[in-house]
Amino acid sequence: MKAKLWSKEEISSFCLELSLLLKAGLPAEICFSILAEEEKDESKKEILNGLYEKSGYGDSVYEAMAETGVFPDYMLKMVMMGEETGYLESVFRALSVYYEERRRTEQALKETVVFPVVLLIMMLFVVVVLMTEVLPVFQSVFEQLGSTLSPAAMFFLNVGLGLQKAKVVFIVLGILIIAGILAVCFHEGTKEKWNQFWTDRFSATKTGKLYETAHFSSALYMGVSGGLDTDKALEMAEAFCGKNMQEKISACRESALMGTSLSEAIEEHQLMKPMYCRMLSVGVKTGALDSTLEEISRRCEDEASVALQKAANCVEPAVVIILCVVVGILLLSVMFPLVGIMNSL
């Protein structure tokens, strides 16, 4: 049975602790031994002890971690690169920040999407009940009074009758949707693919691009502050970012290798706002590149959070307004004719 992948929170914590131990000058096998001693969860303790034994027998950190099956392929590739370049501590520190940022992004997306979706489902349920249960009653009342429903009400009534006839199809569809939700929640492979799908879609939006810029500048900061040259730092940042950014970063690397300054290359390929590129240029000239990148990353993260909150504030009222209008039209199409009949009586 394939081992369950660790969550982003667990990986971030593991990488942070490991980077701190490596920074203290301890060899990898001793780091794993210390982490195993401190771990309370028996399954994780077993994995960490396995890492300690394998690295002690001469396996590389990459090989030892790959055998566990609990770490994602992307993380393993970064660890292998860190061992090859001699900057393993910097890579683990960058991985910690990367997975924490990804966790926060996914959490923010869930918090933004869940409430409007629940609200939409509840309102649709009310509309369906009105069309399938309430309107037939009004139709019977109108027939007894010798009148008919308005054209708008008849339209909603026919839709409701159609839904009743196709209720078996909707039941089957509901079962499939529930099964899909359960697969996403409990099957790690499906869950990871689903999260990646929505992350890729989100990255293409204006708000997603702000988050991608924050991830890029954060990864670049981690590489530079860890002692990597700008080319290696850009290579690491490329691996951290989504598909929409990777091509731009690759082109940026080529421009930098041909002699273009870092800030000009980043601005040329639109990896950051011009304002941030000017800050970057000043940071390079003053020898404060790492702190400048850290500040840029923080500002981009704040901008993205504000943009995401604004989007949520727009979606929720829009859902309420649209569904309230539908319910209002449905009820008014019944009540106005009924009021007319009552007045005539």
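Gln 270 sits in the loop that links α13 (262–268) to α14 (274–286). In this predicted model, Gln 270 has a positive phi of about 55°, even though it is not a glycine. That's worth a glance, because most residues other than glycine have a negative phi.

**The loop residue**
- Gln 270 is exposed, with a relative accessible area of 59%, so it clears the cut-off of over 50% for that label.
- To find it, look between residues 262–268 of α13 and residues 274–286 of α14.

**A serine in α1**
- Ser 12 belongs to helix α1, which covers residues 8–23.
- Ser 12 counts as buried because its relative accessibility is 6%, and the limit for buried is under 20%.
- Leaving aside residues up to four places away in sequence, Ser 12 touches Ser 96, Tyr 99 and Glu 100.

**Cysteines**
- How many disulfides does a search of the whole structure find? The search comes back with zero.
- Cys 277 is in no disulfide, and its nearest cysteine sulfur, that of Cys 252, is 8.9 Å away.
- Is Cys 277 buried or exposed? Cys 277 counts as buried, since its relative accessibility is 2%.
- Cys 15 also counts as buried, with a relative accessibility of 0%.

Note on methods: Residues numbered from 1 in each chain as written. Predicted model: local features only at pLDDT ≥ 70, side-chain atom pairs only at ≥ 80, totals over all residues. Heavy atoms only, no water. Helix = DSSP H or I, 4+ residues; strand = E, 2+ residues; numbered from the N terminus. Buried < 20%, exposed > 50% of the residue type's maximum accessible area, 1.4 Å probe, protein only. Contact = heavy atoms within 4.5 Å. Disulfide = S-S within 2.5 Å.
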